[in-house]
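Let's take a friendly look at how aromatic side chains pair up here. The model comes next, and the notes follow.

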Amino acid sequence: LLYRELQKYHWDDVVAGLESVAKHRLWGCIGLTALSYVVLIAYDLLAVWAVGHPLPLRRVALASFVGFAVSYNFGALLGGTPVRYRLYSAWGLTTSEIVRLFVMMGVTFWVGVMALAGVVFLVWPFPIPDEVALPFDTVRPLGGLLLLVAVAYVVLAMLVRNGLSIRGRRFDFPSARITVMQLFVSALDLIVAAGCLYVLVAENVPLSFAEFLGVYLLAVVVVIITHVPGGAGVFELLVIKFCQTESPETLLAALLVFRVVYYLIPLLLAGGLLAGHEFVLKHSRG
């Protein structure tokens, strides 16, 4: 699908689309990107609270920003996980605590995305293109399934206070307060991130923000499932395919701007922060 789709575009048209991006939309994307990375700190903060290992906010914020920036570009396994492990282990967390922290952040994301996508897919369903082989015509059935899973998690977290034991492994649920915060943080993160892109493409897609949010959520989930580093190409393809715009070259140009602003610039900043942290850590030990 990616190969067939890319054959339709010409570089000159994409360049023209890049030049047509209005400055106020670019600055809107930059501002929302900054807000998005501030919201992302809450993932690590909730996980640190759940683990019960106190850390100052500045350290949590550093681990969050660097971890997410690297993870978004290289994937969680190759990027975010090693970077976070390096930082948190240097700050005194044990391997067991760091593993629990990773699980907590993963659960926070997936519960939030399932709950939000479930509601959006049910209330604002959009058709699935014929080229995408799925056993249903719209995303509404998928929305019902996702929402059911999210509700089941919340109910279990509220009722099962002593945890679950499955095949000798124990799974503890967070408190009711943290569970509610998980839903709020993940939903807010996804809404703001979708807003970063929507502010660039609003003039070129025939969708309201709520409808576009559904497309964005579907693209994010597919990117995670495919394990393509940074979702390069896959994310852009899905957004273009499901938006059904009359000017796909302009939409592709906006997606390239989004990738630079939301992915690449934070990666450069994260690289500088991580190098600075390692420099300070080395000299403090010396």
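## Terms and model

Buried means under 20% relative accessible area, exposed means over 50%, and partly exposed lies in between (1.4 Å probe, protein chains only). This is a predicted model, in which local features need pLDDT of at least 70, side-chain atom pairs count only at pLDDT 80 or more, and totals for chains, interfaces and linings use all residues. Residues are numbered from 1 along each chain as its sequence is written, and side-chain values use heavy atoms, leaving out hydrogens and water.

Rings of Phe, Tyr and Trp (its six-membered ring) pair if their centres lie within 6.5 Å; planes under 30 degrees apart are stacked, over 60 edge-to-face, and the rest tilted. The whole structure holds 18 aromatic pairs. In one of them, the ring centres of Phe68 and Tyr72 are 5.8 Å apart with planes at 45°, so the pair is tilted.

Both residues belong to helix 4 (residues 57-74), four residues apart, or about one helical turn; helices are DSSP runs of H or I with at least four residues, numbered from the N terminus. Phe68 is buried at 11% relative accessible area, whereas Tyr72 is partly exposed at 23%.

## A pair between helices

Tyr216 and Phe235 have ring centres 5.7 Å apart and planes at 85°, so this pair is edge-to-face. It links distant parts of the chain, with Tyr216 in helix 9 (residues 209-226) and Phe235 in helix 10 (residues 234-243), 19 residues apart. Tyr216 is buried at 4%, and Phe235 is buried at 2%.

## The cluster

One aromatic cluster includes Phe68, Tyr72, Tyr216 and Phe235, with Tyr263 also among its members.

Methods. Helices (H or I, at least four residues) and strands (E, at least two) are DSSP runs, numbered from the N terminus.
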